[in-house]
Amino acid sequence: MTEPIVFPTDSADWLAFAGSRTDERLARVDEVVARLKDGSERSTLEVLALWNDLQIDLRRAHSEAEVLAEVHPDREVREAAESRTAAAQAKDTEVMSDADLAAIFAATSAAGLDVDAARLREHLLRDFRRGGADRDEATRDQLRAFAARETELGVTFARNIREGRREVRVEPAKLAGLPEDFLAGLPIGDDGLVAISTDNLDVMAVMNYASDRETRIALRRARADMAWPENDGVLAELLDVRQQHAELLGYASWADYETEDRMAGSAARVASFLEEVDGASKGASDAEYEILLARLREDEPDAESVTSADNLYLLTKLHEERFAVDAQEVRRYLDFSRVLEGLLGVTGRLFDIQYVPVHVATWHEEVRSYDVVRGGARIGRIHLDLHPREGKFNHAACFPLAPGVRGKVVPEAGLVCNFPRGLMEHREVQTFFHEFGHLVHDILGGDQEWAPFSGVATEWDFVEAPSQMLEEWTWDADVLASFATDESGAPIPAELVERMREADAFGRALLVRTQLGHARVSYHLHMDRPADLAAATDHWYAVSSPLGAIEGTHSYAAFGHLTGYGSCYYTYQWSLVIARDLLTGFAGLMDAESAARYRREILEPGGRRDAADLVEAFLGRPFTVAAYRDWMGSPTS
């Protein structure tokens with residue numbers, strides 16, 4: 001088995017690593033393609049084994065380049081990695097549109113194959129069709145051109161967001177209400193003003209705590225516009241190219257193309273699902289909104305509406321006033337170092353694994369690396385890049401690095417977040433557990449014979465379910481008490497956690513409506529391809545959530561999920577329906593038998609079975625919406 005990735009130890013070697021390493025892997029892909037086409041007589045299993053080797057190199061080429069493009073501190077290295085990400089994607093398109101290669105696999109037989117090999121062959125034939133391998137040469141050339149342009153536009157869109165940081169300068173008095181430890185890190189400039197940025201840490205602090213409404217609105221406006229106007233034309237062209245790509249393959253829309261191999265199965269099902277979410281959440285969200293508006297008018301008597309710059313602040317105040325939950329008091333128990341240690345401890349016990357620190361070179365000195373170990377044997381490696389810095393991916397995500405293939409490749413992945421080095425918000429702890437859910441899924445699902453089934457390889461609209469489910473552990477008093485302690489070592493009181501749970505239920509429907517807005521924007525921008533992106537975006541948010549957008553902003557330009565998730569942001573609510581149901585299969589959050597069964601039935605299979613079958617194996621029945629409705633507090637009919 002190959003060892004985990006060995007990153008350069010000398011900064012001067014990174015540029016070559018970002019370029020030549022990818023090129024070497026892509027050259028090996030070409031070698032395997034040549035072998036498959038050499039006319040030799042091979043069994044189906046032998047053909048699939050060669051394909052497996054091809055996929056290992058292709059996936060590693062793309063994953064390694066993608067991570068470096070998002071996280072390396074040297075802009076020149078990031079740009080080199082961006083170009084190799086595009087090269088790897090182009091190679092994938094070239095392979096999947098190769099008519100001769102498709103014919104070789106079509107000539108194989110499923111006879112005698114085990115279940116996994118037969119599934120691999122079936123999926124491969126489907127993916128050749130989706131790649132256009134069955135089309136004439138001119139069509140295949142056009143499809144490759146579309147795919148190349150989509151990649152180029154997607155890389156540009158992401159770069160503009162990553163590098164679109166903006167600042168708002170305000171008088172110190174305008175930051176009243178913010179935590180003292182946060183304010184201590186904001187120097188007053190020579191002009192007597194303080195700079196607050198569109199970085200997540202600044203945005204979260206201001207939106208939760210700043211009592212000055214003008215400051216909140218100014219920062220929300222800057223955040224919404226941080227990649228505008230740069231991404232305006234980029235997104236418009238991307239939507240157009242995707243539609244042409246889909247139509248050339250015979251699909252009515254890009255959404256129909258994207259959802260064909262997902263649980264939803266069609267654009268029409270996505271639309272009906274979003275209507276179901278609408279019906280489940282509207283009544284509760286309207287009631288919550290009226291309470292927020294009344295509270296806003298206590299501070300701003302002339303306020304006509306609650307905006308996206310108000311809701312988090314108002315929820316923070318209402319949680320304190322109605323439920324005696326002081327968010328700044330909660331922060332005292334959530335020191336980053338203790339949260340990290342606690343997360344590793346909780347997931348280690350839950351999934352019967354250990355995290356052993358390893359001191360290896362990575363792309364930045366702050367990255368923490370661990371071998372994931374079970375029974376004394378390494379089963380994977382993870383890298384945690386958890387704090388903000390200039391030029392780095394500015395959200396939170398899990399990035400695969402190497403697909404786990406039994407006897408060949410150790411599964412490896414990185415977690416990229418932007419957390420404070422000191423006290424955390426509870427919402428940030430939720431995010432940490434959420435993203436770590438992806439990470440453990442990638443590693444525990446990495447013991448596979450076939451690379452395409454390795455890690456987080458289920459239908460894409462299921463992938464958020466395991467990560468969303470893991471958020472529940474951040475609301476359990478016993479779990480929190482194991483790591484959430486103040487400076488004296490006293491654990492967070494159980495009664496405070498109970499009040500936090502009660503407070504969290506208030507505002508939940510409004511949060512779902514916000515997510516519904518994101519999902520509708522994602523879906524309808526692709527379905528409708530409006531000439532006026534700003535007007536369309538404003539419309540879909542307006543009909544989805546009572547919270548007002550900041551007038552004149554262009555949030556679609558900084559909506560990073562429009563590249564990776566495309567038309568399918570609905571995934572988050574679809575997965576949440578499943579996540580809430582999965583929780584009903586646990587006898588207790590730390591129950592060893594339930595956790596072992598969950599690991600065995602949901603995480604470890606990777607992509608070897610359909611997601612619906614995984615869920616049914618764990619629950620003993622098909623999933624339903626009942627738990628989601630209960631969580632929402634909505635009626636059953």
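Predicted model: local features only at pLDDT ≥ 70, side-chain atom pairs only at ≥ 80, totals over all residues.
**View 1. Helix α10 and its surroundings.** Helix α10 runs over residues 230-248 and spans 28 Å from its first C-alpha to its last, close to the 27 Å expected for its 19 residues. Take a look at the buried residues of α10, among them V234, L235, L238, L239 and V241, along with R242 and H245. Their cover includes α6, α11, α20, α21 and α22. After the helix comes G250, with a positive phi near 95°.

View 2. D225 is buried but has no salt bridge. The nearest side chain of opposite charge belongs to R166, 4.9 Å away, and a salt bridge needs a side-chain nitrogen within 4 Å of a carboxyl oxygen. Leaving aside residues up to four places away in sequence, D225 touches R166, G552, T553 and H554.

View 3. R130 forms a salt bridge with E260 at 2.7 Å, N to O. R130 lies in helix α5 and E260 in the loop between α11 and α12, so this pair ties together parts 130 residues apart in sequence. R130 is buried, at 9% relative accessible area, while E260 is partly exposed at 29%. R130 also meets D261 in a salt bridge, here at 3.9 Å, N to O; these two residues are 131 apart. D261 is partly exposed, at 26%.

**View 4. The K174 and D212 salt bridge.** The closest N and O atoms of K174 and D212 are 3.6 Å apart. This pair links the loop between β1 and α7 to the loop between α8 and α9. K174 is partly exposed, with a relative accessible area of 26%.

How values were computed
Residues numbered from 1 in each chain as written. Heavy atoms only, no water. Helix = DSSP H or I, 4+ residues; strand = E, 2+ residues; numbered from the N terminus. Expected span 1.5 Å × (residues − 1). Buried < 20%, exposed > 50% of the residue type's maximum accessible area, 1.4 Å probe, protein only. Contact = heavy atoms within 4.5 Å. Lys, Arg positive; Asp, Glu negative; His and termini not counted.
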